[in-house]
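Here is a short report on one protein model.

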Amino acid sequence: MKRLSLVLKELFIGILAYGIVVMGIGLLIAKDKPQYAFGLLIGLLTAGAMAFHMEKALKKALDLGEAGAQNHIRKTYMIRTAAVVVIFGLTVYFHLGSVWSCFLGVMGLKAAAYLQPFVDKLPFLKEAGSEGDQSERGNKLIMKEGE
């Protein structure tokens, strides 16, 4: 398996941090703690899968022409949306967890996107040689725009 990109690692860290905070607060106030916890865990795993799928889709879209990229991004967005609806449906149907906490977990992707500039400044990410990944990412973007 290829190495994960720096941005994806940062999103995963953001989802994890968000999940810890929301789990802690939710377990203090939830009436049905196991349902809340399992629903949130399902949502957080879904958010991570969505981030991975989104990165994969964006990388492929960069290799397509403008029209092809737009169609590809629309198609992958619909796939992710349908997957979330199916996961919510399965969560409710099989009583795997609270659908509301599952929704909170999926919102972890949005929270992680907002946290990403702060996560980017974490020192242990820099020590792992991520600065090379950062400059490589920027160079690829510049080369794509210049074509």
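Tyr93 lies in helix H3 (helices are DSSP runs of H or I, at least four residues, numbered from the N terminus). Tyr93 is exposed, at 63% relative accessibility (exposed is over 50%, buried under 20%, partly exposed in between; 1.4 Å probe, protein chains only).

## Model basis

The model is predicted: local features need pLDDT of at least 70, side-chain atom pairs count only at pLDDT 80 or more, and totals for chains, interfaces and linings use all residues. Residues are numbered from 1 along each chain as its sequence is written, and side-chain values use heavy atoms, without hydrogens or water.

## Salt bridge

The structure has one salt bridge (a side-chain nitrogen of Lys or Arg within 4 Å of a carboxyl oxygen of Asp or Glu). Lys59 pairs with Glu55 at 3.9 Å, N to O. The two are four residues apart in helix H2, so about one helical turn separates them. Lys59 is partly exposed at 48%; Glu55 is buried at 18%.

## Nonpolar core

The largest nonpolar core has 19 residues; Ile15 and Leu109 touch the most other members. Helices H1, H2, H3, H4 and H5 each give two or more residues. H2 gives the largest share, six. Such a core is a set of buried Ala, Val, Leu, Ile, Met, Phe, Trp, Tyr and Cys residues joined through side-chain atoms within 4.5 Å.

Beyond four places in sequence, Ile15 contacts Leu44, Ala47, Gly48, Gly108, Leu109 and Ala112 (contact means heavy atoms within 4.5 Å).
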